[in-house]
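Biologist: I'd like to go through this one slowly. Can you show me what we're looking at?

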Amino acid sequence: MNGSEHALYSGRGNLKRRNRVNRLVEVASTVAALLAVAVLLIVVGSVLLKGIGAISWHFLTTPTALFGESGGGISNAIVGTAIIVGIAALMAIPVGMLVAIYTTEFASPRIAHPVRFVLDVLNGVPTIITGIFVFGLLVEGDKQSGTAASVALAIIMLPIVARTAQEVLTLVPGALKEGAYALGIAHWRSTLRITLPTAAGGIITGCLLAVARVAGETAPLILLSSIFRPGLQTDPSEALANMPIFIFQASESPKPEAHTEAWAAALILIAFVLVLNLIARAFYARSRKRMGV
């Protein structure tokens, strides 16, 4: 066998080996994807089967029953969750947006890179640590409150909003910015009038995903808003009932009907997160189409 024949044979052998490895990776990836979908279907299906029977108009519109009583609902927990998450969003989204705009459009790399690194680290901090920090800052020596819970959730939301907005802003075509500069438009005005509207869909996506991320957080709320008065409460200076704590407390009850109520509340929370994710995907698809990505 001469040199050219040996090279040809060796090349064919390498090609066959690469094809086998490629097929193996494809099969492994497919199996992994199917397992992920199967786990999701099992979890959602289990919650649906165990909780659907307890969902009713009475359950959704009645406050939680007093301790030792039955027949209550979760209206106060729904309202409390909405207030806590809403205040957290009002705190985290503007700050996260300003951080993203500054680091993407105005800051030098010497400043932008460390800020992004800090955001990534903050995003990886366990939420119980955030809860302990806010507990020592706002609750220790005082009382639990919905405001303290909102501050903790805002800290969790901040890096998600900022990093998502940073990534979306970098996808805005440079030709749009260059055209604005060619017309003599100031940098800040170009950012406000061109860059942000172009990336609006992706930014909204990040904000919705951040809200979905914190809606079911339990660890910080145990420390910050778990000792609340019965009935419907709307004052954030007081501890507010909320869905995660209701699920936690009902699951700890020895009563079987309380366990069913916990499953029902979990189902409602899953449905809320699912709707937010579907809306976020719609905005993201619209944003990618608008930017031509």
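Modeller: The protein chain has twelve helices and zero strands; helices (H or I, at least four residues) and strands (E, at least two) are DSSP runs, numbered from the N terminus. This is a predicted model, where local features need pLDDT of at least 70, side-chain atom pairs count only at pLDDT 80 or more, and totals for chains, interfaces and linings use all residues. Residues are numbered from 1 along each chain as its sequence is written, and side-chain values use heavy atoms, with hydrogens and water left out.

Biologist: Where is glutamine 233?

Modeller: In the loop between α10 (219-224) and α11 (243-252).

Biologist: What makes glutamine 233 buried?

Modeller: Buried means under 20% relative accessible area, exposed over 50%, partly exposed in between (1.4 Å probe, protein chains only). Glutamine 233 has 18%, so it is buried.

Biologist: What makes the pair of glutamine 233 and arginine 229 a polar contact?

Modeller: You need a pair of N or O atoms within 3.5 Å; within protein, one must be able to donate a hydrogen and the other to accept it, and residues adjacent in sequence count only if both atoms are side-chain atoms. The side chains of glutamine 233 and arginine 229 are joined at 3.1 Å.
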